[in-house]
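I opened the file to look up a few local features and keep notes as I went. The entries follow in the order of looking.

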Amino acid sequence: MAASLDLTVRRRAEQWFSFASIPPAAVLLFLAGLGTGVALLLRPGEREPELVLWTASAEMAERFATAPPPPGPTAGVELMSSRSLDLRLMTLLQAAPSSTELPDVVHLETLSAAKFLDAGPGEIGLMPLEDRLAASGLADRVLPGALGAWTRDGHVYGVPIELHPVTLTYRKDLFAAAGVDPAAATTWDELAVILEQYCAYWQQRGRPNRRGLELARTTSEHITLMLQQREVALVDEAGRPNLDDARIPPLLTFYSELLAGPRPVAIPTSEGHGRWVADLMRGDVAMIWTPGWKLPHLEAAVPELNGKLAMMELPRFEPGDARTAVWGGAMLGIPSGASNPEASWKLLVQLAFSGEGHIPAAPEASLAGVGGLFASQSIAGVYLELSREVRAEPMTPLGIAAAAHLASAISRAADARAAGVSERELNELISAWLAAAQRDLERRAAFAAGGRP
Amino acid sequence: MSRKPPSRELLKPRRGTGVRDRWAYVFLFPFIAGMALFFAWPLARSGWMSLQRGAGTDEARFAGLANYSFAARDPLLWGSLLNTLAFAALFLVVQIPASLGLALLLNDRRTRGLRELRFIFFSTHLVGVVFAAVLFSDMLSGRHSLMSRLLLHAGLIDIPLDLLNREAWVMPLMLACAWYLSVGFGMIYCLAALQHVDRQLYDAALMDGAGAWGRLFHVTIPQIRPTLSFLAIAGAIWALQVFELPYVLLDGPGPNYRGLTAVMYLFAIGFERGDLGYSAAIGWIFTVVVVLITLAMIRMLGVGREEVES
């Protein structure tokens with residue numbers, strides 16, 4: 001019985017594996033496939049560049065591609081999403097700080113850089129560059145206020161290549177129709193009155209949904225700019241949170257009054273670049289905050305709004321306040337485990353100092369397409385002038401947590417004001433919320449410090 | 001002729017060793033190796049990480065239970081857990097009855113267009129979570145949303161709706177999106193279970209004078225209890241792990257952290273702030289919470305008791 005079964009199996013196997021039954025075309029196809037596979041495996045590989053730049057910015061990758069190749073080692077660029085860049089860099093710095101996988105130069109934006117600069121002494125994963133900047137004489141070409149964002153404990157960890165002072169851009173035509181000129185306002189209180197007149201005018205003409213100013217209701221990006229004007233940092237240089245600063249509650253009360261008071265004059269713009277531009281085009285919001293990086297998106301408003309926009313500096317709260325603030329920036333740095341620091345530095349210098357004059361340069365390239373919107377106003381000149389005045393502060397993970405608490409306070413304050421809570425009561429409520437937030441941040445700061453020697 | 005039951009000796013697990021058993025381990029090796037490499041090792045590593053401090057590029061240092069001790073006093077962690085539990089509870093309270101209701105409707109032969117309705121209700125499950133979140137955001141909130149435009153056009157509102165920026169609306173919108181995604185899925189399971197209920201039981205119940213509600217509570221639900229239990233447990237685990245939905249819908253934790261869920265908080269701490277040690281500790285705390293809830297549900301729903309009883 002077993003022998004018969006064995007014979008049957010063997011016959012089946014012979015039938016299945018008989019080459020005679022395979023069509024010649026299939027054999028040829030198989031051989032062709034095999035040959036192609038072998039050829040692909042044996043082909044000479046592309047030469048890996050000796051220096052690599054990591055960036056999440058298509059503009060930076062383009063700048064790299066169009067720059068003349070640096071003398072010496074060959075260089076390449078890896079363009080990836082900012083999240084991917086953050087994760088890959090952090091993982092390598094944590095797990096293999098001297099890995100050859102590390103980039104030689106890295107392009108980081110403010111928010112991304114926060115976690116890379118948050119480490120104990122000697123443990124920051126980027127190389128200090130102040131000595132190289134001084135020795136090369138390039139330090140004088142960097143705007144003094146721009147280095148602050150990348151400086152920690154006296155060491156400079158990045159060369160700033162972008163810095164975005166903030167202005168207000170508004171619909172000149174709509175304000176003119178309402179008979180008011182926002183540029184005449186030198187203080188926020190004056191601007192609030194003008195915005196109120198603007199909204200009242202459009203309400204009388206059956207446009208109650210027209211608001212004067214863009215203000216966020218669930219994020220702290222705009223109030224942070226106002227606080228910067230008043231020189232209130234969410235976290236000070238010593239790493240102490242500052243939400244207990246006495247200047248914050250009245251400012252937050254003022255902010256919620258604009259947003260949700262009995263005569264609201266501000267509203268958040270829609271999410272997404274195309275949409276906030278549409279808000280401006282339709283006149284739903286007449287005045288928006290414009291750091292340089294926002295301007296290229298305004299190209300969508302060309303030619304409809306040609307000559308209808310104007311730009312102004314930020315009004316002040318008090319005479320000593322700054323007339324601008326910083327919203328975003330970027331730098332080039334060198335990971336501390338880079339295999340050839342000299343070559344990395346040369347590549348960095350070539351990318352950062354390729355033009356003439358000071359860096360970060362005014363965003364002229366991004367303004368090229370939108371100049372017609374502002375008629376005869378020289379917006380590049382406005383940015384250049386303001387960028388000499390700004391003082392960029394370092395962003396830290398604790399600062400991000402503080403900004404989130406502030407955002408929560410805005411949301412609660414706006415809801416409370418809309419529900420009819422008086423200004424005085426609201427001021428007290430805000431103080432209580434911020435005190436709780438401050439306690440939480442102090443616990444977090446102590447916890448972070450506890451993990452370090 | 002009745003079949004002779006197998007002898008007890010045959011049912012006993014064999015202790016045999018020898019060539020065949022060794023081959024079994026050879027064939028099992030790839031799976032065991034995969035499990036060890038991609039599940040057990042990362043799990044053990046995350047357990048070890050949860051005992052270390054060192055955010056960002058700091059060198060990780062052993063810190064004992066410091067992360068867990070901080071977690072015990074972290075209001076954002078407990079707030080996010082509370083949000084998650086509320087979301088999961090409210091999600092299940094509606095999802096299961098709604099799924100059963102739709103299944104009962106489609107199981108009734110008098111309902112017209114059964115195939116079309118079945119497709120319409122189930123098709124929402126084919127839409128990905130991220131896409132559904134974008135869809136809801138576009139439909140319900142913001143100046144450009146469909147709802148705002150319709151209401152403005154009809155003259156019912158003066159100011160566009162801004163629901164996602166309102167604390168009170170965050171949870172209802174998250175839940176609506178979750179129900180939209182999952183009710184059709186639950187309906188298919190319930191429908192399959194309903195079609196296996198013995199018709200004779202309904203006849204018997206009718207003869208005993210049971211009305212529609214009586215048949216539902218005394219025949220239908222007991223008969224499809226295993227399916228409902230499965231839906232409840234699977235739904236609870238999904239809802240407790242919710243992340244992409246609020247992350248995309250609210251583009252962050254939402255007003256006053258109302259949309260912050262436990263997994264979202266874990267992600268923010270680990271990958272946005274770079275504190276992998278604390279993030280791992282949050283992961284373990286959350287795992288314990290999910291396991292406890294699942295075990296409680298298994299006990300409460302009597303999962304597995306049916307087999308023992310039968």
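Entry 1, strand pairing. I looked up the partner of strand S6 (residues 159-171) of chain A and found S10(A), joined to S6 by 4 bridges and running antiparallel to it. The model is a predicted one. I then asked which way the side chains of strand S10 (residues 309-312) of chain A point. Leu309(A) and Met311(A) point one way, and Ala310(A) and Met312(A) point the other way. I checked burial as well, and all of these residues are buried.

The bond from Val302(A) to Pro303(A) is cis, with omega near 0°. I placed Pro303(A) in the loop that runs between strand S9 (285-291) and S10 of chain A. The bond from Ile359(A) to Pro360(A) is also cis, with omega near -10°. Pro360(A) sits in the loop between helix H12 (341-352) and helix H13 (364-367) of chain A.

Glu231(A) is not a glycine, yet I read a phi near 60° for it. I located Glu231(A) in the loop between helix H9 (221-229) and helix H10 (248-260) of chain A. In chain B, Tyr257(B) likewise has a positive phi, near 60°. The loop that holds Tyr257(B) lies between helix H12 (244-250) and helix H13 (262-272) of chain B. Are these two residues buried or exposed? Glu231(A) is exposed, because its relative accessible area is 68% and the cut-off for exposed is over 50%. Tyr257(B) is buried, because its relative accessible area is 14% and the cut-off for buried is under 20%.

I looked up the largest nonpolar core and counted 63 residues in it. Which of its members touch the most other members? They are Leu168(A), Phe175(A), Tyr198(A), Leu213(A), Leu215(A) and Trp289(A). Helix H15 (residues 397-418) of chain A gives this core its largest share, 10 residues. Apart from this core I found another, of 53 residues, including Leu106(B), Val183(B), Leu194(B) and Ala236(B).

I went back to Tyr198(A) and listed its contacts, leaving aside neighbours within four places in sequence. Among them are Leu174(A), Phe175(A), Ala178(A) and Val180(A), as well as Arg210(A), Arg211(A) and Gly212(A). Gly283(A) and Ala286(A) are also in contact with Tyr198(A).

I picked Ala239(B), which is found in helix H11 (residues 225-240) of chain B. Ala239(B) counts as buried, because its relative accessibility is 0%. Not counting residues up to four places away in sequence, Ala239(B) touches Thr84(B), Phe87(B), Ala88(B) and Phe91(B). I also took a C-alpha distance: Ala239(B) and Leu161(B), 78 residues apart along the chain, are separated by 27 Å.

I counted 3 cavities of 30 Å³ or more. The largest cavity holds about 70 Å³ of space. What lines the largest cavity? I listed Thr55(A), Ala56(A), Ser57(A), Ser82(A), Leu85(A), Asp86(A), His107(A), Leu108(A), Glu109(A) and Ser112(A). By class, I get 3 nonpolar, 5 polar and 2 charged residues in this lining. Helix H4 (82-95) and strand S3 (105-109) of chain A each supply at least two of the lining residues.

Key:
Residues numbered from 1 in each chain as written. Chains lettered and ligands numbered in written order. Predicted model: local features only at pLDDT ≥ 70, side-chain atom pairs only at ≥ 80, totals over all residues. Heavy atoms only, no water. Core = buried A, V, L, I, M, F, W, Y, C linked by side-chain atoms within 4.5 Å. Buried < 20%, exposed > 50% of the residue type's maximum accessible area, 1.4 Å probe, protein only. Contact = heavy atoms within 4.5 Å. 1 Å grid on protein atoms, 1.4 Å probe; cavity = no way out; pocket = protein on both sides within 12 Å on 5 of 7 lines; lining within 4 Å. Points joined across faces, edges and corners; volume = space filled by probe spheres on them. Nonpolar A, V, L, I, M, F, W, Y, C, P; charged D, E, K, R; others polar. Pairing = 2+ DSSP bridges.
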